[in-house]
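Subject: Structure handover

Hi,

Here is the structure for you to open alongside this email. My notes follow below it.

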Amino acid sequence: MDKKELIIYICNSGYAYEAMDVARDAGAGGGTILHGRSSLTAEHKTFFGVTIHPEKDLLFIVCLKEQKQAIMNAINNQYGVTSKAGGVIFAMDVEDSLGINFNNKIKTDK
C-alpha cells in the first residue's frame, strides 16, 4: 500500500485557488479549499513580525508520500510566508483513508 500525506496550506484570503493551480502543476490531483477567519483579535495585528489578516483560506491536498516535497516546495516558492499570500504549509501522515484513488485521475477542464 502506498503511503499518503495530507498537505495543509493556510494563506490570506484569495490565494488558495492560485496555490492549487501550482500544486496541480507539481503533481497534485486535486484539493479542498475552505474559507475561515483567524482567531486573533483586532488588537493582535502582528504575530512574530508577520501581519495577520483575519480572512484565511485553507487548502488540503492528499498525495502520495513521494509527491509531497515537490508539491510543498512549488506552493511555498510562489505563495509562502514572505509573499503577499503569507502562506504557511505543513504535512501530516495519513494512516487510513477510504475513497481516495491515485490510480485513476479525474480529468478536469484545465
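Glu5 sits in strand 1, residues 4-12. Helices and strands here are DSSP runs (H or I, at least four residues, for helices; E, at least two, for strands), numbered from the N terminus. Glu5 is buried, at a relative accessible area of 2%. Buried means under 20% relative accessible area, exposed means over 50%, and partly exposed lies in between (1.4 Å probe, protein chains only). A contact means heavy atoms within 4.5 Å.

Before you go further, note that this is a predicted model: local features need pLDDT of at least 70, side-chain atom pairs count only at pLDDT 80 or more, and totals for chains, interfaces and linings use all residues. Numbering starts from 1 along each chain as its sequence is written, and side-chain values use heavy atoms, with hydrogens and water left out.

Salt bridges

The structure holds 2 salt bridges. The term covers a side-chain nitrogen of Lys or Arg within 4 Å of a carboxyl oxygen of Asp or Glu.

- Lys65 and Glu5 meet through their side chains at 3.6 Å, N to O. This pair links distant parts of the chain, with Lys65 in helix 2 and Glu5 in strand 1, 60 residues apart. Lys65 is partly exposed at 41% relative accessibility, whereas Glu5 is buried.
- Asp21 and Arg24 meet at 4.0 Å, N to O. They are 3 residues apart in helix 1, so about one helical turn separates them. Asp21 is partly exposed at 29%. Arg24 is partly exposed too, at 31%.

Overall fold

The protein has 2 helices and 6 strands. Along the sequence they run β-α-β-β-β-β-α-β. Of its 110 residues, 27% count as buried. Take the contacts between residues at least 6 apart in sequence: 73% of them join residues at least 24 apart.

Four strands form an open sheet in the order 2-5-1-6, with antiparallel pairing. Two strands pair if DSSP finds at least two bridges between them. Strand 2 (32-37) and strand 6 (88-94) are at the edges; each has a single partner strand, so one side of each lacks a neighbour in the sheet. Neighbouring strands are turned by 25 degrees against each other on average, direction ignored. Strand 1 and strand 6 pair over 7 bridges. Ile7 stands opposite Ala91 in strand 6.

Both helices pack on this sheet. Helix 1 touches strands 1, 2 and 5, and its direction makes about 20 degrees with that of strand 5. Helix 2 touches strands 1, 5 and 6, at about 150 degrees to strand 5. Axes are lines fitted to C-alpha atoms, for helices over the stretch in contact, and angles run from 0 to 180 degrees between N-to-C directions.

The core

The largest nonpolar core has 18 residues. Such a core is a set of buried Ala, Val, Leu, Ile, Met, Phe, Trp, Tyr and Cys residues joined through side-chain atoms within 4.5 Å. Those with the most contacts inside it are Tyr9, Ala23, Leu59, Ile61, Ile71 and Ile75. Strand 1, helix 1 (16-25), strand 5 (55-64) and helix 2 (65-79) each supply at least two of its residues. Tyr9 touches residues including Ala19, Leu59, Ile75, Tyr79 and Ile89.

Best wishes

Notes:
Lists of a residue's contacts leave out its neighbours within four places in sequence.
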